[in-house]
Amino acid sequence: MDGAFRKIDIDAFDEDIIQESELYEADPRDPAQVLEEARARQSSVRGFLSKNDVVGALTTVLENAPYGPNVEDAKTISLQTLLSILNNTKSTEISNVVKSLSMDCQDTLMKYLYKGMAMSAWADSNASVLLSWHEKLTEIAGTGCIVRTMTDRRTV
Amino acid sequence: MPEIFSISPTPVTAHAFNADRSQLAVSLNSNDAQILTHNGSQWAATEMLTEHDKTITSIDWAPNSNQIVTASQDRNAYVWQQSPDPKTGTIVWKPTLVLLRINRAATHVRWSPKEDKFAVASGDRAIAICSFDPENNWWVSKLLKKPIRSTVLAVDWHPNNVLLAAGSADMKARVLSAFIKEIDERPAAGVWGSKLPFNTICAEFASAAGGWVHGVAFSPSGDVLAFVSHDSSISIAYPGGPVHNIRMPTLPLVTLTWTTEDSIVAAGHDCQPLVFSGSDAGWQEIGTLDDGSHAASKTGPGLTGRLNKSGAFGAFQNADSRGQSSITSTDTKLLTIHQNTITSIRPYQGAPGQVTQVSTTAVDGKLVIWDTASVSALTGRMAAMSM
């Protein structure tokens, strides 16, 4: 039997269709402001890293991370910043760093790990780092953390 | 000691006991509901309720009026009453069709505390509130539509017979008024509001990290609302006050029930009932009803949703690192009693607010009755992620 009819988006014929914007609360910040904050964080993270404060650097980039539409540049900068932190951390330190993060930050970190792995151009050079962080983070925050990454519509 | 019954090789979608717990109505992932009768040691099928032409999604049994209501993907609900068969004179369950006026599947059904109406959640972004019209001798349905934006997955009645909690796939749990002026007396003002005409929105709570709300439940007093969502979290909301959210390190919970005013039992994809305790000052997980001592095997792959090196994970890892393609371990038993997702948890013994036993049914076809007092800490083997 031809199953093509199953691919028809029947919701498109619904006048009262649910919009993406109804699924989560929009970021109250202006996109330009978000971008500025992302740049400011990038430089403060360098400061933290020069003092060898990985937890401080991670918290800076993970708190109030940009999400939602129209902030692609800020998202990219944040991911770059985050990857620079991950690459600068010794693999033996990862567990302790993850343990000292708040639950919110752990969830956001997991979102970035998956985002990093999804971007093939970057994943190639960062794969082993991302995977070892993923392993340690899952050990500590559990599979619940991965579930939240998959369900949360506030994508980073 | 939990009582364990294997009632079916197929998943149990929903279950409901009668008032004296001698009979049980179950839907075994099919179009039919079965009445099982306890014969001392096992549950034996005694009657089949066949009327729906798609899978039954939910069942509820009114304890006082002894009526069963079933909801199904065929967009219908039936109310079943016992009456003598005209030919043989034996007592059988007779169905009455309820026109719900929804054009998507019915997902969940619950009788109101006074048993004079019931609520049917549906995929039509609506909840049908059905009440009996004695003049025309049928059930009439009135729809709660606004502001629901997606499939309603669960409903629960407030003890005042008027307010209804609904959990929905639009990531929200809501408290709505289901006041029917023909049958309801005007409710006393409470924490959820004073004026409550039909479809008043009394409260709306979003799940913390944006997950579908799988289950909702009012506390025994009706003054607190708890809900579980697919972001692996449970939220306990006080109207006008704090909303406490507990994030789980495990797979999501899908069903919950209050046992006392300060404790909740919830279960889901993690296959074991977890106990939460607290007050408006804060809530925490205090343990599990499944202490792990009933597991058939002590060396199995552990718990679902935990990372471990046996089972499927181990098989793939061996294939990857050592080139072994054969599955070395054939033991796939979990350490928990239930071997698959718990789909429904309900009070079994004790008055509301003093529930001493709860019943669970799961995708593994088991029915388990748990003592709510025997909580064991979620430590060691049961909590460990055996890497």
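Mentor: Buried area is the accessible area (1.4 Å probe) that two parts lose on being put together, summed over both. In this predicted model, chain A and chain B bury about 1900 Å² between them, and carbon and sulfur atoms give 50% of that area. The contact (heavy atoms within 4.5 Å) takes 24 residues from chain A and 24 residues from chain B. On the chain A side, the most area is lost to chain B by A:Thr143, A:Arg148 and A:Thr151, which together account for 26% of what that side buries.

B:Thr372 sits in the loop that runs between β28 (366–371) and α2 (380–383); helices (H or I, at least four residues) and strands (E, at least two) are DSSP runs, numbered from the N terminus. Why is B:Thr372 called buried? Because its relative accessible area is 15%, and buried means under 20% (1.4 Å probe, protein chains only).

The side chain of B:Thr372 reaches the backbone oxygen of B:Val355 at 3.0 Å. B:Val355 is also among the residues in contact with B:Thr372 once neighbours within four places in sequence are left aside. The others on that list are B:Thr356, B:Gln357 and B:Val358, together with B:Thr259, B:Val265 and B:Leu289.

Residues are numbered from 1 along each chain as its sequence is written, and chains are lettered from A and ligands numbered from 1 in the order in which they are written. Local features need pLDDT of at least 70, side-chain atom pairs count only at pLDDT 80 or more, and totals for chains, interfaces and linings use all residues, while side-chain values use heavy atoms, with hydrogens and water left out.

Methods. Buried < 20%, exposed > 50% of the residue type's maximum accessible area, 1.4 Å probe, protein only. Polar contact = N/O pair within 3.5 Å; in protein donor to acceptor, adjacent residues only side chain to side chain.
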